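Open your viewer and get ready to select a few residues. We will take the stops one at a time.

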Amino acid sequence: MERDAVDVVIIGAGVAGLAAGRALHEAGVDFAILEARERIGGRVFTQRDPELAVPIELGAEFVHGSAPELEEISKSAKLLVCEADGPRLHSSHGAMRPLRDFWAQLDRVMRRLPDGRSSDRSFQDFLDARPGGSRLARERRLALHYVEGFHAADPERVSARALAEGGSPGGDERERRLGRFLNGYDNVPRSLAEPIGDHVRLGAIVKHVTWARGRVAVDVALPDGGTTTGIAARAAIVAVPLGVLQSLPGEPGAIVFDPPLEDSRAKRDALHGMAMGAVARVVLRTRDRFWASERFKRRARFQDLDQLAFLHTPDAHFPVWWTPFPVRAPMLVAWCGGPQAHALSELAPGRLIDRALESLAAQFGLSRRAARAEVQGAWTHDWQRDPFSRGAYSYVTVGAKNASAKLARPLGAMLFFAGEASDVEGRTGTVHGAIATGRRAARQVVRALSRSGAGRSTSPRAGLD
């Protein structure tokens, strides 16, 4: 097979791959980005409806904490970010009450997690030991819902030690902040891609990567299924989700590496020591902001619903809801993470939306007929069945140590790794963490190419660090 030749091939045009490409571009390195989808952004997936003034986020939605990488991009691209962590309420059969001191309640449990000096155990085992006794029973339920919902994790599998190292913001007010890109999260990958768009090949499904003797060869299938092309490079940055790396040969979206990644003990430990979390989200466009009406306020027995940001519920299917607060728009988002999300992903999209409507009726105190009458549009995306994601975002499982660092470690100065799962600063599962890993992988590649030196007319400029 005749192959195009570049210095570096980047597999994946999510924010990690785009950030790597942007850094290589600025360093003067010849590269190509291969993206299986017909769009850039990966797990940033924004849609729009002419009837809504706000974007519909089916992937990443929030800016978590200080997020300097996103702050830098929003500043340079003049993107508007608004604070989104407004009032939280708890609903029980339609009656609503304030959920005060959410972060403080969470911290009362999370700060009791075992540190690195203790033997590891699952978060569920930690909770079963009843830390804080009977007086923290409510806080333990809140922490369980947080780990399942925020981390998309199975409490029976997620490492308590890993959660202790970065699973919650603790008392840091900056890290408790939540923001939202007012005009859509897709402006972030669009900004990253602006100067490098001609380096991105969409609909390029990587099937096979051979790496040996200082060369990398990539076989690429095109969307028609019958055409295969190739690309040769001196190095590759692998910026696909953990779920794709964990896929078995022959499964949808799988990439075969030759030699296999698991020939490396570090990679084997990483791939067996992390898991992809599951989420189910349904975005609903409603006829109006019914929850802010005087009639609804009287029924809910609570007056400040016009500023509702998050609603926590005992619902088995969708325990968390949110609005576009502080924007006043007729939209509600139903959210579930963890094991229950796996179960919901087995449903057909129409049935999943029906389940969300049932939850809407129960938790907002509406009849099912009234709930259906309120909803005028619905959107969802199944990240678990998406072949180029195979899950929402990563978490570390019990007994795994330094899994993200092991995943980030280069192989043979030829394969380099980026993506949120490879972040070593405790920011797995975040967009800014993914961007940071792309930039880190680019720095590693530049150093490797500089050391190998001869053989190419294009040499990377110094000073990328």
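This is a predicted model: local features need pLDDT of at least 70, side-chain atom pairs count only at pLDDT 80 or more; totals for chains, interfaces and linings use all residues.

**A short tour**

Start with P259, which sits in the loop between β14 (256-258) and α9 (265-273); helices (H or I, at least four residues) and strands (E, at least two) are DSSP runs, numbered from the N terminus.

Residues are numbered from 1 along each chain as its sequence is written, and side-chain values use heavy atoms, leaving out hydrogens and water.

Next, select F325 and P326, where you will find a cis peptide bond with omega near 10 degrees. P326 belongs to the loop between β18 (320-322) and β19 (331-337).

Now pick R130, in the loop between α4 (123-128) and α5 (137-149). Its phi is positive, near 55 degrees, and R130 is a residue other than glycine. Is R130 exposed or partly exposed? With 45% relative accessibility, R130 counts as partly exposed (buried is under 20% relative accessible area, exposed over 50%, partly exposed in between, with a 1.4 Å probe and protein chains only).

Then jump to R213, in the loop between β11 (205-212) and β12 (215-221). R213 is not a glycine either, yet has a positive phi of about 55 degrees. At 80% relative accessibility, R213 counts as exposed.
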